[in-house]
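Good morning, and thank you for joining this group meeting.

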Amino acid sequence: MSEFLQSSLDQVNPIAEAWLASGVSSFSLWSDGTLIKKWGDGISEDQETVTAPMKYGELRITGRDINSALGRLSIDAKIVTVILNQENNRKLLCEELVNTRDQLVILSSISEITRKIIDPEELLSVLAAEAHRLVNTEEIFFLINIEDQAPIHVFYPRQSLDSEYLVETSRSIKSKLQPNLISTHPYENGDGKNRDILFIPIRVYKSELAYMGCINNHDNELTSYDLKFARAIADYAGKEIEKAYLMRANIEMARIDTEIGLAQKIQKSLLLKELPKVEGLDTYLLFQPASRISGDYYDLVIKPNGVIDFIIGDISGKGMPAALLMAMTLKVIRSVADIDPSPTPDWIIKRSNEILYKDYNDSVMFSTLFIGQYNLKTREVSYSNAGHSPIIYCPAGGRAEMLRADSVPLGIFETQNCQIRKIRLSPGDVLVLATDGINETSNQSSRLFGFTQLMILVEMLAQKSAADICEGILQAVQAYGGVKVQEDDRAMMVIKGV
Amino acid sequence: MAIKSNVVNNIKVLEISGSFDIYTASSVREWLDQKASEIPANIVIDLSDVHFIDSTALAILIRGMKQAREQDGDICLCGLQQPVRMVLELTRLDKVFEIYSDQNEAIIGLKI
């Protein structure tokens, strides 16, 4: 107080001089019994002293016959109070402005340091060090607990309290916190000293998911300046944490996108773009993946001994796991099918299952698989169907029928027991091999296209070319699905005897 | 999709309702991972209220069946609606699971 009064004496000068000019011996300003300043020094015997109290202390005058001056002195005391109030407010405002300017300058320099940091933990380590430098506190900590992210706990310059204790404490006081309010929690540590832990809530994604904390000995209180600064750093930390997580998410998405792009390239290189010409057959291929990578696969291989293998399959599930297994499966089937002499479809399926079983079992996945072998000379088709959607077989002028699976898909059991069956593919006979993305197309009412409709359609289109049959089926399925987004991959091979 | 579980005569029963597919199957997988490894591992999966099933869901049921059989138990299915039954028949997985018309039949069947 006396410091403030000393610095404000200029404001009292005019009043003091007016009193001296009126004939008093002295005019003085006192605070808490201590003389702050005396104007005039006239001292003589039988002098009187008149005192008027005010907010900041009291005014005194000395002189002869001055008792009647009390009224005027009291008024001056009120005037001095008003003057000193204004002076005090001015000083506080200046201090506030200086503090705010300091905060802005410091936050600006912190911002320069942290703007390139995208790792949230590294960011908070830097902020903790800066906060420790600027706020009168012994220890700083940050606790971040965001859903689906690993928790982050940062301490500076040391960790004197258990993380679990701090997290539990933050949970227990959370319900008592209002936005922007902070609370303290006394904690008795091993050395018997009480410490205060200040939890400052940090809003991340508009909810209180984090805390900045200041730990002080009980007798080392934070000033209002420290609290304001700590709050400013906590608010800044909240925004930076959000940015860091967003940048990390964007980088992760870009990485996943690159990986999917590579997987897509590999799949495209594995799958035929169109079917090769085969003597005695009219063939057509259609492939519409539902997304960039697919679990459907197909192949047509012309072997030197006049045998054509046609293959179609569907891996369970979606995304990268299905795409990886698709590539592996097709490679294995091709290798097994390439063994000389030409193996039968059931043998290819059984041997492929032996090789792939562990991979499918470990991945909790399976693959449907249909393999047909067409003999150019005899026009006979030997086939085996391991859990795949029925193949539609429509003999020329006849009724369409389904060639159903007689064993479970690949990867279910260690051994496969599919059988081999035979049909003929004479001129005009049609085979439609498709994955379930065709028959399981659903309409707005969630009803499936189904095999009954598919067989009727194949009968109607059977006299057309393989390309027209394929396109006709696709158009019908697309019309059936309407505006619904395609949910499953569609692969279809039409093979017609000519 | 929703799941509800209880125990009847020492047999664990899981009732699934809605669409049982890649987007909803994780809760069933977690339940089966736990229950199919506990002895006794006899489980009834009630699909009466399931109107759609996909290959991901089938793979999860198969995994659960293998886990249960490793513990000398088994999984059976009951209450299959026509679309679900058809999927199992077309993939021949109807030969892998015992299939019953309702829960009571399934519980009796597992106890035998």
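When I speak of domains, their bounds come from an automatic or database domain assignment. On that basis, chain A is divided into domain 1 (2-98), domain 2 (116-249) and domain 3 (271-497). The centres of domain 2 and domain 3 of chain A, taken over C-alpha atoms, are separated by 60 Å.

Please keep in mind that this is a predicted model: local features need pLDDT of at least 70, side-chain atom pairs count only at pLDDT 80 or more, and totals for chains, interfaces and linings use all residues. Residues are numbered from 1 along each chain as its sequence is written, while chains are lettered from A and ligands numbered from 1 in the order in which they are written.

I turn to a sheet in chain A. Helices (H or I, at least four residues) and strands (E, at least two) are DSSP runs, numbered from the N terminus. Two strands pair if DSSP finds at least two bridges between them. The sheet is open and has five strands in the order E11-E12-E13-E14-E17, with antiparallel pairing. Strand E11 (296-302) and strand E17 (421-424) of chain A are the edge strands, each pairing on one side only. Strands E12 (residues 307-315) and E13 (residues 367-375) of chain A run antiparallel and are joined by nine bridges. Within E13(A), A:Leu369 is the bridge partner of A:Gly313.

Next, consider A:Asp359, which has its place in helix H8 (residues 345-363) of chain A. A:Asp359 is partly exposed, because 16 other C-beta atoms lie within 10 Å.

Finally, I come to chain B. Two residues are in contact if their C-beta atoms, placed from the backbone, lie within 7 Å. How many residues of chain B are in contact with chain A? There are 14, in contact with 18 residues of chain A. Helix H2 (55-70) and H3 of chain B each supply at least two residues of the side that touches chain A. H2(B) gives the most to that side, with seven residues.

In helix H3 (residues 82-90) of chain B, the buried residues are B:Val84, B:Val87, B:Leu88 and B:Leu90. Strand E3 (42-53) of chain B is included in what covers them.

Technical notes
A residue is buried if 20 or more other C-beta atoms lie within 10 Å of its own, exposed if 12 or fewer, and partly exposed in between; C-beta atoms are placed from the backbone.
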